[in-house]
Amino acid sequence: MTAEIHSPAPARTRRLTHFRPDQLAWLALALTLAVLIIAPLSMLVVKSFTHGTTGGFTLENYVTAYGRARHVQALWNTLVMGLASTVLAVLLAVPTAWACTRTNMPGRTFVRIALFGSFLMPPYLTGVGWILLAGPNAGFINQAWTALTGLEAPLVDIFTFPGLVLVMGVSTFFTIFILVSAAFELLSSEMEDAANILGAGPFRTAFKITLPMAMPTILGSALLTFLVSIALYGVPVLISIPARYPVVVIQLAEFFSFPVRIEVAAAYSIPLLGITIGLLLLQRRVLGRKGYTAVGGKGGERRVTDLGAWKWAVFGYVMLVVLLAVAMPLLVLIMAAFSDSWVAGLSLDNFTLEHFRYVLFEHSSSQQALITSVATGAAAATLAISLALSISYVVQRRLLPHAGVLAFLCMSPFVIPGIVLAIGFYAVYALPPVGLYGTYIILILAFTTRFLPIAYTTSTNGVRAINPEMEEAVRILGGGQFTAIRKVVAPLLKRTLASGWILIFVPAAQELSTAVFLVGPHTRVVSVVLLDMSEEGTFERLAALGSVLLLIIALIVLIGVRLLGRDFMLRRS
């Protein structure tokens, strides 16, 4: 009689029997994320070392890109412009954030609402507004100056380096304002109270106590603003070209003129990416050497600082910020949109609705561009939120090994200049054999990747707030992973995901830096059409089309405010 021996199943077989179909879905999401992020950046590097004709390895692209003095000068100009505009943005945003969150300045709620307009208003429309205001020949400010003094020489000229820095600063300061405001909101007043007891006034307390405690946020938001500034396309193309101040984005656009030299453009953009990574490493090293810790016990509360008579001086400064960033450029755009000729000013004789009729019913490019901008912005926001939620769920619930890599990939577009990302997408998806140039697909994929960090941050905050035991209860009752997500996670995150969707839709519907290199004749977005109108000099029609886009975006945001609460922007940032 032979004994039958049952050997234990091999470990590999046991692993296979425990493999669940949902793990394949998580793996597919991870691969999708890797393709969206890694492929464009990898191809960007490869193309920079590839000969345009033979396809072999070469350094000629770098020689062509940086072999001319004007190309090197454009890179230097970009860094100077980025630094100057970031300093201005900090000077505008930090005092305003302090006044709105830590003091008894009057009108704080009004200021917050007014400054939210700078989030809704894309930088290129702000640039157009300032051209209408401070153009050397026909700007409203110079017209008023000539009428008052009789002098023909312009008082201000926006087509100069200071003019470029002004427009860049007022276009990008809102990021610093919203992030620093959130940091100030979280600070306890205990140390400020102690400083006041020891005789320090409100301003000395702010410089010695409040600002140092918020310094990591100030530095981080300033770095983000610098990266946005050096990659912004709309404002430089409107102002730096007439100002004869070449910058990197303008030079990259020249490389994309016929014939397209994608290899040279890739080589020219690599240093921009290197500067970005270097600055991030520097920031981490600087902040790593210093401790920024607020020591306080339980029950610490935030009390506003009484500025006394100084509150009106602070209010005046903050209202100047509102005027420069929102009120003046927006009002002049509306005036131009309803004017037969914007140089003639707003009067009954000059009033017309013709420009709105033209852009809404006659100009086919405008009609299609509005649909394309809204549709691609909505699709990108939906795809980004869906992808980010899935990846965030995988990372937070540790459903895959090395899930932290997925989190890093989700956040990496945060430090990639939009124009560099666009060149990478062009190199991977626009050219044969993929051939997606000028399609809606490439725009949606690029916008999704561009704003994925916003979606991931929002989704991660939401998933962390959900107790995993609720999902375990679903699985105990026989439901799978997807059932738990559909029945538990998604309903609990409806408000969080809706707010994230809005925060992505607004910039995606306005995006220019990425879109300008990827749109085709039939997929032009509003930002590109507005750029064409500015080159044609039809500022009245440009203002009308821009106003329609702003109205659509504002209506969607108002719906979000109605559903999510007035402070959804602050809470989700």
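**Legends for close-up views**

**Figure 1. The whole chain, a predicted model.** The secondary structure comes to 27 helices and zero strands. The chain has 573 residues, and 50% of them count as buried. Take the contacts between residues at least 6 apart in sequence: 77% of these join residues at least 24 apart. The accessible surface comes to about 26,800 Å². Carbon and sulfur atoms hold 67% of that surface.

Figure 2. The mean pLDDT is 85, and 90% of the residues reach 70 or more. Where pLDDT is low, the predicted coordinates should not be read in detail.

**Figure 3. The largest cavity, with a volume of about 40 Å³.** The chain has two cavities of 30 Å³ or more. Helix 6 (123-134) and helix 25 (526-536) each supply at least two residues of the largest cavity's lining. Helix 25 gives the largest share, four residues. Tyr124, Leu125, Ser527 and Leu530 are among the lining residues. By class, the lining has seven nonpolar residues, two polar and no charged.

**Figure 4. The second largest cavity, with about 30 Å³ of space.** Its lining consists of Ser118, Met121, Thr126, Val170, Ser171 and Ala325. Three of these residues are nonpolar and three are polar.

Key
Residues numbered from 1 in each chain as written. Predicted model: local features only at pLDDT ≥ 70, side-chain atom pairs only at ≥ 80, totals over all residues. Heavy atoms only, no water. Buried < 20%, exposed > 50% of the residue type's maximum accessible area, 1.4 Å probe, protein only. Contact = heavy atoms within 4.5 Å. Areas by Shrake-Rupley, 256 points an atom, 1.4 Å probe, with all protein chains shown as cover. pLDDT = per-residue confidence, 0-100. 1 Å grid on protein atoms, 1.4 Å probe; cavity = no way out; pocket = protein on both sides within 12 Å on 5 of 7 lines; lining within 4 Å. Points joined across faces, edges and corners; volume = space filled by probe spheres on them. Nonpolar A, V, L, I, M, F, W, Y, C, P; charged D, E, K, R; others polar.
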